[in-house]
Amino acid sequence: MANKVAKGAEIARRLPLSQRIFAAVAEWWQNAAGYRKYGLKREDLLKDELPDVAEALRRLPEDEYMARQWRIKRALDCSLKNTYLPREEWTKVEDDKFYLKPYLDLVAKEKAERKAYDNQ
């Protein structure tokens, strides 16, 4: 743990002040948002009804899609019971990675290609 803190401090010293401030504010916001207390990841908060998100979800591997559904159901259960998960089950910063973004980017790229092709 101390090694990780030392590495983080070393990286922070090399960043310009504006980036360090932005990173601190971004981390504060993510913790204040509260979704990690329910075991959710950032992209679990996206609405399934949006066309691009729905298409990206359709392209997700089945195990990742099922993991997302399980996280959402577990968060709903906690919310209905007015509780949070135990602290050791909260989503950690290093686990809160973009899992849907590559698929969203691909959908947006295909949409732009289709629009460009239609405008020819």
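Visitor: What lies over the face of Phe98?
Guide: Arg42 does, at 4.4 Å from the ring centre. A charge sits over a ring if NZ of Lys or CZ of Arg is within 6 Å of the ring centre and within 35 degrees of the ring normal.

Visitor: Before more numbers, what am I looking at?
Guide: This is a predicted model, where local features need pLDDT of at least 70, side-chain atom pairs count only at pLDDT 80 or more, and totals for chains, interfaces and linings use all residues. Residues are numbered from 1 along each chain as its sequence is written, and side-chain values use heavy atoms, leaving out hydrogens and water.

Visitor: OK. Which ring does the charged end of Arg71 sit over?
Guide: The ring of Tyr99, 5.3 Å from its centre.

Visitor: Where does Arg71 lie?
Guide: In helix H4, residues 62-80. Helices are DSSP runs of H or I with at least four residues, numbered from the N terminus.

Visitor: Is Arg71 buried or exposed?
Guide: Arg71 counts as buried, because its relative accessibility is 8%. Buried means under 20% relative accessible area, exposed over 50%, partly exposed in between, with a 1.4 Å probe and protein chains only.

Visitor: What is Arg71 in contact with?
Guide: Leaving aside neighbours within four places in sequence, the contacts of Arg71 are Gly39, Leu40, Lys41, Asp44, Glu64 and Tyr99. Contact means heavy atoms within 4.5 Å.

Visitor: Which residues are linked with Arg71 in a network of salt bridges?
Guide: Asp44, Asp48 and Arg68. A salt bridge is a side-chain nitrogen of Lys or Arg within 4 Å of a carboxyl oxygen of Asp or Glu.

Visitor: How many salt bridges does a search of the whole structure find?
Guide: It finds 11. One of them joins Lys111 and Asp52, with the closest N and O atoms 3.2 Å apart. Lys111 is in helix H5 (residues 101-118) and Asp52 in helix H3 (residues 51-59), so this pair ties together parts 59 residues apart in sequence.

Visitor: And how exposed is that pair?
Guide: Lys111 is partly exposed at 44% relative accessibility. Asp52 is partly exposed too, at 26%.

Visitor: What about Arg59, which residue does it form a salt bridge with?
Guide: Glu55, with the closest N and O atoms 2.8 Å apart. Arg59 and Glu55 are separated by about one helical turn, because they are four residues apart in helix H3.

Visitor: New topic. What follows H2?
Guide: Gly34, whose phi is positive, near 85°.

Terms used
Helix = DSSP H or I, 4+ residues; strand = E, 2+ residues; numbered from the N terminus.
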